[in-house]
Amino acid sequence: MAGGTPDAIETVNDILHSVGKKVIHFGPVGSGMAAKLVNQALVTCHAQAAAEALFMSEQLGLTQSIDDVERLADMLSSSWGQSKVFDLVVKDYMAALVIGKGDKLHDLPTQAPLRNLNKDMSCVFSDLRAVVPPDSADDAFPLFSETQKRLDTACSPGFKDNGMEQSISNSPFVALMQPLRESIKKLD
């Protein structure tokens with residue numbers, strides 16, 4: 001994701017390819033960063049959705065073991081719900097299960113720490129507020145806005161280096177899932 005004049009991009013093309021597999025020129029200076037922010041907004045929202053999907057699968061009794069998580073990941077790998085981000089989040093989730101942390105949230109290495117995702121979404125909103133009236137950015141981009149709020153909460157002291165599954169721990173989703181899980185148990 002590069003921005004600059006075509007001549008400038010051509011001049012640094014070898015350097016750009018040394019740090020990335022694919023280089024796409026988006027236009028003048030700043031447009032590469034704008035494209036990166038679009039990508040990071042999607043990555044962060046996908047990570048939030050993947051974490052919630054894993055939590056949902058847990059609440060529905062689908063992921064009680066590593067084998068169960070692998071089965072779910074295998075099913076999703078050939079379904080419309082598949083995403084590269086889900087694959088990363090599920091790796092963190094499975095690592096937590098293997099390590100055996102009781103709450104699966106603390107002291108685990110992750111490829112996408114909350115602090116990075118939060119920084120990215122802060123940049124997204126900073127740029128959005130420059131082009132959309134500041135008071136309407138939250139209304140114009142409700143999913144991005146809600147994801148940013150969840151990250152702000154999840155990045156409380158001591159948790160900013162954790163993976164995306166940390167963003168679920170204080171979610172209203174926890175309370176919403178309990179009645180559904182109880183209903184499903186009654187069907188069994």
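Helix α3 gives the most residues to the lining of the largest pocket, six in total. This comes from a predicted model. The pocket has a volume of about 400 Å³. Its lining counts 17 residues, and K36, N39, Q40, V43 and V85 are the closest to the pocket centre. By class, the lining holds eleven nonpolar, three polar and three charged residues.

**Helix packing**

Two packed helices are described by the angle between their axes and the distance between the axes.

| Helix pair | Axis distance | Crossing angle |
|---|---|---|
| α3 and α6 | within 9 Å | roughly 130° |
| α3 and α8 | 10 Å | about 65° |
| α6 and α8 | within 9 Å | roughly 140° |

**α3 with α6**

The axes of α3 and α6 cross at roughly 130°, so these helices are oblique to each other. The crossing is left-handed. From α3, the contact uses L37, Q40, A41, V43, T44 and A47; from α6, it uses L117, D120, M121, C123, V124 and D127. Eight of the residues in the contact of α3 with α6 are nonpolar, two are polar and two are charged. Q40 and V43 of α3 meet α6. Q40 and V43 are also among the residues closest to the centre of the largest pocket.

**α3 with α8**

The angle between α3 and α8 is about 65°. That makes the two helices roughly perpendicular. The α3/α8 crossing is left-handed. A41, T44, C45 and Q48 on the α3 side meet L143, F144, T147, R150 and L151 on the α8 side. This contact of α3 with α8 splits into five nonpolar, three polar and one charged. A41 and T44 meet α8 here; A41 and T44 also meet α6.

**α6 with α8**

Helix α6 spans residues 114-131, and helix α8 spans residues 142-154. Their axes cross at roughly 140°, and the pair is therefore oblique. The crossing of α6 and α8 is left-handed. On α6, the contact residues are L114, L117, N118, M121, S122, V124, F125 and L128. Their partners on α8 are F144, S145, Q148, L151, D152 and A154. Nine residues of the α6/α8 contact are nonpolar, four are polar and one is charged.

Definitions and conventions. Residues are numbered from 1 along each chain as its sequence is written. This is a predicted model: local features need pLDDT of at least 70, side-chain atom pairs count only at pLDDT 80 or more; totals for chains, interfaces and linings use all residues. Side-chain values use heavy atoms; hydrogens and water are left out. Axes are lines fitted to C-alpha atoms, for helices over the stretch in contact, and angles run from 0 to 180 degrees between N-to-C directions. Helices (H or I, at least four residues) and strands (E, at least two) are DSSP runs, numbered from the N terminus. Angles under 35 degrees count as roughly parallel, over 145 as roughly antiparallel, 65 to 115 as roughly perpendicular and the rest as oblique. A crossing is left-handed if the near helix is turned anticlockwise from the far one by less than a right angle, and right-handed if clockwise. Contact means heavy atoms within 4.5 Å. Ala, Val, Leu, Ile, Met, Phe, Trp, Tyr, Cys and Pro count as nonpolar, Asp, Glu, Lys and Arg as charged, and the others, Gly among them, as polar. On a 1 Å grid over the protein atoms alone, a cavity is a set of points where a 1.4 Å probe fits but cannot get out, and a pocket is an open set with protein on both sides within 12 Å along at least five of seven lines; lining residues have an atom within 4 Å of a point. Grid points are joined across faces, edges and corners, and a volume is the space filled by probe spheres set on the points.
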